[in-house]
Structures are given as structure tokens and as C-alpha cells.
Amino acid sequence: MGEKQNISGARIRQVRLQNNLDQVELAAALNVDYGIKLEQSDISEIERQVRSLKDYELEAISKVLDIDPIWLLRGDN
């Protein structure tokens, strides 16, 4: 396995599950609310840290999940 492509994937997955959203629902919300076209497979790759995450994607994901984008980047530390 290669180098991790993002540091937020695990926290995105954690909050998505806490919000009872599946990857398809998150992808749909990003498309409908923010015009960001990500497939379920893209969400999976982000969460597994094999796909990099653009800043505007992180911002939109944080809004859909109602979580501080800084927490997605840094966690509680």
C-alpha cells in the first residue's frame, strides 16, 4: 500500500457513520447541495486515504456532515 493521500479520511468516515449516512448518500448530498460530483467509489477512496481531497471538497463534506473542517484535518489534538 502506498503513502496516504489525505489525513481526513478516517474522521470523515467516523462522522458519516455517526450521521447514519452511507457513502452514496454523502455523494448525493455533495452533488445536490454543492454541485460536487463524487461517486460512491470516490468517497470510499477518500475514507481509505487512497485518494487526495481537494480543499473545496473538504469544506463541502464538513458542511454536509455538520462538523468543523479543522477537526476533519486535525482531530482533537
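This is a short tour of a predicted model, one selection at a time.

**Before you start**

Residues are numbered from 1 along each chain as its sequence is written.

**Stop 1: the whole chain**

Show the protein chain as a cartoon. It has 5 helices and 0 strands. Read from the N terminus, the order is α-α-α-α-α. Helices here are DSSP runs of H or I with at least four residues, strands are runs of E with at least two, and both are numbered from the N terminus.

Now switch to the C-alpha trace. Along its principal axes it spans about 30 × 25 × 20 Å. The radius of gyration is 11 Å, which agrees with the value near 11 Å for a compact globule of 77 residues. That radius is taken over C-alpha atoms, and the globule rule is 2.2 Å times the number of residues to the power 0.38.

The chain exposes about 4900 Å², and carbon and sulfur atoms supply 46% of it. These areas come from the Shrake-Rupley method with a 1.4 Å probe; for residues, only the protein chains shown count as cover. Of the 77 residues, 40% are buried. Buried means under 20% relative accessible area, exposed means over 50%, and partly exposed lies in between (1.4 Å probe, protein chains only).

**Stop 2: helix α4**

Select residues 55-65, which form helix α4. Its buried residues are Glu57, Leu58, Ala60, Ile61, Ser62 and Leu65. They pack against α1 (9-18), α2 and α5 (69-74). For the pattern along a helix, recall that an α-helix has 3.6 residues a turn, so residues three or four places apart point the same way.

Step past the end of α4 to aspartate 66. This residue sits in the loop between α4 and α5. Aspartate 66 is exposed, at 70% relative accessible area.

**Stop 3: asparagine 20**

Move to the loop between α1 and α2 and pick asparagine 20. Here too phi is positive, about 55°, although asparagine 20 is not a glycine. Asparagine 20 counts as exposed because its relative accessibility is 68%.

**Stop 4: alanine 27**

Go on to helix α2 (residues 23-34) and select alanine 27. Alanine 27 is buried, with a relative accessible area of 6%. Leave aside neighbours within four places in sequence, and its contacts are Ile36, Leu38, Glu39, Gln40 and Ile43. Contact means heavy atoms within 4.5 Å. Then draw a C-alpha to C-alpha distance from alanine 27 to leucine 58: they are 31 residues apart in sequence and 12 Å apart in space.

**Stop 5: glutamate 47**

Finish in helix α3 (residues 40-47), at glutamate 47. Is glutamate 47 buried or exposed? Glutamate 47 counts as buried because its relative accessibility is 8%.

Show side chains around it. A polar contact of 2.5 Å joins glutamate 47 to the side chain of arginine 16. Another, at 2.9 Å, links the side chains of glutamate 47 and glutamine 23. A polar contact is a pair of N or O atoms within 3.5 Å; within protein, one must be able to donate a hydrogen and the other to accept it, and residues adjacent in sequence count only if both atoms are side-chain atoms. Not counting residues up to four places away in sequence, glutamate 47 touches Gly9, Ala10, Ile12, Arg13, Arg16 and Gln23.

Definitions and conventions:
Predicted model: local features only at pLDDT ≥ 70, side-chain atom pairs only at ≥ 80, totals over all residues. Heavy atoms only, no water.
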